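Visitor: I am new to reading protein models, and I would like to explore this one with you. Could you show it to me and take my questions in turn?

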Amino acid sequence: MPQQSDFFKDVYDVVRLIPEGRVTSYGAIAKYLGSARSSRMVGWAMNAAHSIPDVPAHRVVNRKGLLTGKMHFGEPDRMENLLKAEGVLVKNDKIIDFEKHFWDPMQELVL
DNA sequence: CCATTGACTTAAG
DNA sequence: CCTTAAGCCAATG
């Protein structure tokens, strides 16, 4: 069993804390972890998140609210399907009213 | 060990 | 909003 880096672990922690019907961005998580420009690593962490059962990676999208990682969910429609099931409207692989559903760990956790 | 890639972001035009 | 360019860093070839 590979022991994940602290960075990955923190990413998973934050992602797990995302409330239902809310979404956040890779950059927001990266920023919360102190590396605002390591958003790619957050993406890589999500890539490795397949081994983690309770990491709702579908709630993490890019800064435009685009479902960039939907193709990594086994089925291409899995991600947007999960989001819709939580009340997040998705159109053309993009989250509608993204800012309205946006959940910023900086703002919500570090008050 | 070097080169390329990638679920990204920001800044500037 | 779109395009370029640059930064970031693990994983892969």
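Guide: Gladly! Please keep in mind that this is a predicted model. We can begin with Asn92, whose relative accessible area is 70%.

Visitor: Is Asn92 buried or exposed?

Guide: A residue counts as exposed when its relative accessible area is over 50%. Asn92 has a value of 70%, so by that cut-off Asn92 is exposed.

Visitor: What is the phi of Asn92?

Guide: Here is some background: most residues other than glycine have a negative phi. Asn92 is not a glycine, yet its phi is positive, at about 55°.

Visitor: Let us go on to Asp97. Where is Asp97, and is it buried, partly exposed or exposed?

Guide: Asp97 belongs to the loop between S4 and helix H5 (98–101). Asp97 also has a positive phi of about 55° although it is not a glycine.

Visitor: Now to His58: is it buried or exposed?

Guide: His58 lies in the loop between H3 and S2. Its relative accessible area is 7%. Because buried means under 20%, His58 is buried.

Visitor: Which residue's side chain makes a polar contact with the side chain of His58?

Guide: Leaving out residues up to four places away in sequence, His58 touches Phe73, Met79, Leu82, Leu83 and Glu86. A polar contact, at 3.1 Å, joins the side chain of His58 to that of Glu86.

Visitor: And Lys70, is it buried or exposed?

Guide: Lys70 sits in the loop between strand S2 (60–61) and helix H4 (78–85). Beyond its neighbours within four places in sequence, Lys70 is in contact with several residues, including Glu75, Glu80 and Asp93. Its relative accessibility is 16%, and the cut-off is 20%, so Lys70 counts as buried.

Visitor: Let us turn to the DNA. How many residues surround DNA strand B?

Guide: The closest are Arg40, Gly43, Met46, Asn47 and Arg63. Of the DNA strand B atoms that come within 4 Å of the protein, 47% belong to sugar and phosphate. The surrounding residues number 17.

Visitor: Which helix gives the largest share of the surface near DNA strand B?

Guide: Helix H2 (26–32) and helix H3 (39–48) each supply at least two residues of this surface. The largest share is 6 residues, and it comes from H3.

Visitor: How far is a phosphate oxygen of DNA strand B from a polar backbone atom of Arg63?

Guide: Let us look at phosphate oxygens of DNA strand B. One is 3.4 Å from a polar backbone atom of Gly27, and one is 3.1 Å from a side-chain N or O atom of Thr68. For the polar backbone atom of Arg63, the distance is 2.8 Å.

Visitor: Last, DNA strand C: which residue has a polar side-chain atom 2.6 Å from a base oxygen?

Guide: Around DNA strand C are Arg37, Ser38, Arg40, Met41 and Trp44, a surface of 2 nonpolar, 1 polar and 2 charged residues. Of the DNA strand C atoms within 4 Å of the protein, 71% belong to sugar or phosphate and the rest to bases. The residue with a polar side-chain atom 2.6 Å from a base oxygen is Arg40.

Notes
Residues are numbered from 1 along each chain as its sequence is written. Chains are lettered from A and ligands numbered from 1 in the order in which they are written. This is a predicted model: local features need pLDDT of at least 70, side-chain atom pairs count only at pLDDT 80 or more; totals for chains, interfaces and linings use all residues. Side-chain values use heavy atoms; hydrogens and water are left out. Helices (H or I, at least four residues) and strands (E, at least two) are DSSP runs, numbered from the N terminus. Buried means under 20% relative accessible area, exposed over 50%, partly exposed in between (1.4 Å probe, protein chains only). Contact means heavy atoms within 4.5 Å. A residue is near a molecule or strand if one of its heavy atoms lies within 4 Å of it. A polar contact is a pair of N or O atoms within 3.5 Å; within protein, one must be able to donate a hydrogen and the other to accept it, and residues adjacent in sequence count only if both atoms are side-chain atoms. Ala, Val, Leu, Ile, Met, Phe, Trp, Tyr, Cys and Pro count as nonpolar, Asp, Glu, Lys and Arg as charged, and the others, Gly among them, as polar.
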